[in-house]
Amino acid sequence: MQTEAYTLAPFEAHHLDGALALSRAAGWPHRREDWEMIWSLSEGHVALVGDLVVGTALMTPFGDTCSTINMIIVDENQRGRGLGRQLTTAAMELAGERECRLTATNDGLPLYEKLGFVATHQIAPHQGVVARIDAPENIEAVGPEAIPAIKALDRAAYGADRDALYNILAKEGTFAAIRNEEGIVAFAATRLFGMGEVIGPVVAANLNQARDLISFILSGKEGRFVRIDIPEQSGLSSVLQDWGLPREGGVVAMVRGAKRLSNISPSRTFCLASQAIG
């Protein structure tokens, strides 16, 4: 296959099964439903050898100012031909003038640096089978009526409009929140993903709020497989380990075209993406 010519084409619905097979071969946990969710929010390209999907890249727009470049996969037999660069560049072109964000493995870091991406912080994935956890009393489950307030908090923390994502999460996920006399001040979402569930996004003002939100969600999931990705400097790794979610590797958050890098850093507020898409 290595000598066969490939072509780039728009990522369409009939490519989903091929993309799923490609991600499974790469060891990714995504179900078809996870691909469908991401694809429904995105534009992208596939690389084809005949009808066989050998590469993918998606661009997910968040309003007119921001985007994520995600689901970049190249078939093992097609690597070393510049295909990853072509797919990434094609996805970036779809972003137009938007800021582009992505997460990079160590292998992908040199390519993204050459394409103008700058590292902002380390992300630590945690996953495993949840231990027994008591639910804190200051957290409550909330329904669709809370989505407008949750969207507003997320825009302030993430720095972009992710309303379309939350419209989907309102149907497919569940939410926990912290309230004060002014209303909802912090929240966490969870949904089915891969072998179990994924927690994220989480938006909180401090470590204690983030910890309480996550523990509330995990308290009802003893014995279930859960994943959450956190900023390495968040201070949550040790408690997640105690709750049955050890760290599994790590990736680097990167950005291209940001007006202010300080707006991307999680140090200002806990905004834990947890690979909510991608």
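How many salt bridges does the structure hold? It holds 14, a salt bridge being a side-chain nitrogen of Lys or Arg within 4 Å of a carboxyl oxygen of Asp or Glu.

This is a predicted model: local features need pLDDT of at least 70, side-chain atom pairs count only at pLDDT 80 or more, and totals for chains, interfaces and linings use all residues. Residues are numbered from 1 along each chain as its sequence is written, and side-chain values use heavy atoms, with hydrogens and water left out.

**Stop one.** Select Asp17 and Arg32. Their side chains form a salt bridge, 2.6 Å from N to O. Asp17 sits in helix H1 (residues 16-25) and Arg32 in helix H2 (residues 32-40), so the pair links distant parts of the chain, 15 residues apart. Helices (H or I, at least four residues) and strands (E, at least two) are DSSP runs, numbered from the N terminus.

**Stop two.** Glu36 and Arg32 are four residues apart in helix H2, so about one helical turn separates them. Asp17, Arg32 and Glu36 are thus linked in a salt-bridge network.

Now colour by accessibility. Buried means under 20% relative accessible area, exposed over 50%, partly exposed in between (1.4 Å probe, protein chains only). Asp17 is partly exposed at 48%. Arg32 is partly exposed at 27%, and Glu36 is partly exposed at 32%.

**Stop three.** Select Lys221 and Glu197. Their closest N and O atoms are 2.9 Å apart, in a salt bridge. Lys221 lies in the loop between helix H7 (207-218) and strand E11 (225-231), and Glu197 in strand E10 (residues 196-204), so the pair ties together parts 24 residues apart in sequence. Lys221 is buried at 11%, and Glu197 is buried at 6%.
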